[in-house]
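User: I have a model open and want to learn to read its features. Can you take me through some of them?

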Amino acid sequence: MLTPLQASQKLLEENQKILFLGDSITQSGHYVAYFDAWLVAHFPNKRFTLINAGLASETVSGLSEEGHAGGRFPRPDLFERLEQVLAKTQPDLILACYGMNCGIYQKLDEERFAHFREGMQRLRDAAQQHGAELVHITPPIYDNQGAAGFDYDEVLTAYSEWLVAQREAGWHVADL
C-alpha cells in the first residue's frame, strides 16, 4: 500500500493537465501560482498544464443565501457549468477546494452539510466519468477577526473533518 506522500507523487508523475476548481480563493490564482512554482522545482524535466477555473462565490452545495450580491443573483453552482468545463479542458487531474461558501456563513446545519457532502460526491462522480483523478482540498481556516458570537470556522472544521475521513474510502484529500 502506498503512503499518502507516495500516492501524491504518483498522481503528479502520471498526470500533466491539472484543472483547479473552487471559489474566489482559487479564482484569485495565488495558490495555483505557488503550486506551479512547486511543480517546476520538483519536476524540472516535466511540463504541466495548469488551468484555473475557479469562480468567485461558487459552491458545490448549490445553496445561496437570501440577498446574495445585493439580491442581484444567487451564488453560482458548480454543477451549472461542470460538464462544459470538463469537456473543454479534458483534465487528467482535478484539484478542488470548496466549502467556504457552502455553509452560507451560517451555523452548522445538517441540511446544508448534506448538500455539501452530496456535492462532493457528484464532483467525484463527474471526475470519474471524464477519466480524471480528483484531489479534494479542505476549506481554509476562516478568521472572524475577533468578532464576538458565532465562529464560522466551526462549520469549515466539520466539513474538513468529513473530507479527511473520506480518505478511508480511497479519496485523495489534501488537508489545509
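User: Which residue of strand 4 does Cys-97 stand opposite?
Analyst: Cys-97 stands opposite Ile-137. Strands here are DSSP E runs of at least two residues, helices H or I runs of at least four, both numbered from the N terminus. This is a predicted model: local features need pLDDT of at least 70, side-chain atom pairs 80 or more, while totals for chains, interfaces and linings use all residues. Residues are numbered from 1 along each chain as its sequence is written, and side-chain values use heavy atoms, without hydrogens or water.

User: In which sense do strand 3 and strand 4 pair?
Analyst: Two strands pair if DSSP finds at least two bridges between them. Strand 3 and strand 4 pair in the parallel sense over five bridges. Strand 4 (residues 133-137) also pairs in the parallel sense with strand 5 (residues 172-174), over three bridges. There, Ala-174 is the bridge partner of Ile-137.

User: How many residues of strand 4 are buried?
Analyst: Four of its five. Buried means under 20% relative accessible area, with a 1.4 Å probe and protein chains only.

User: How do I read the packing of helix 5 and helix 6?
Analyst: Two packed helices are described by the angle between their axes and the distance between the axes. Axes are lines fitted to C-alpha atoms over the stretch in contact, and angles run from 0 to 180 degrees between N-to-C directions. Helix 5 (residues 110-129) and helix 6 (residues 153-165) pack at about 40 degrees, axes 11 Å apart. Contact means heavy atoms within 4.5 Å. Residues making it include Phe-116 of helix 5 and Trp-162 of helix 6.

Notes
Buried < 20%, exposed > 50% of the residue type's maximum accessible area, 1.4 Å probe, protein only.
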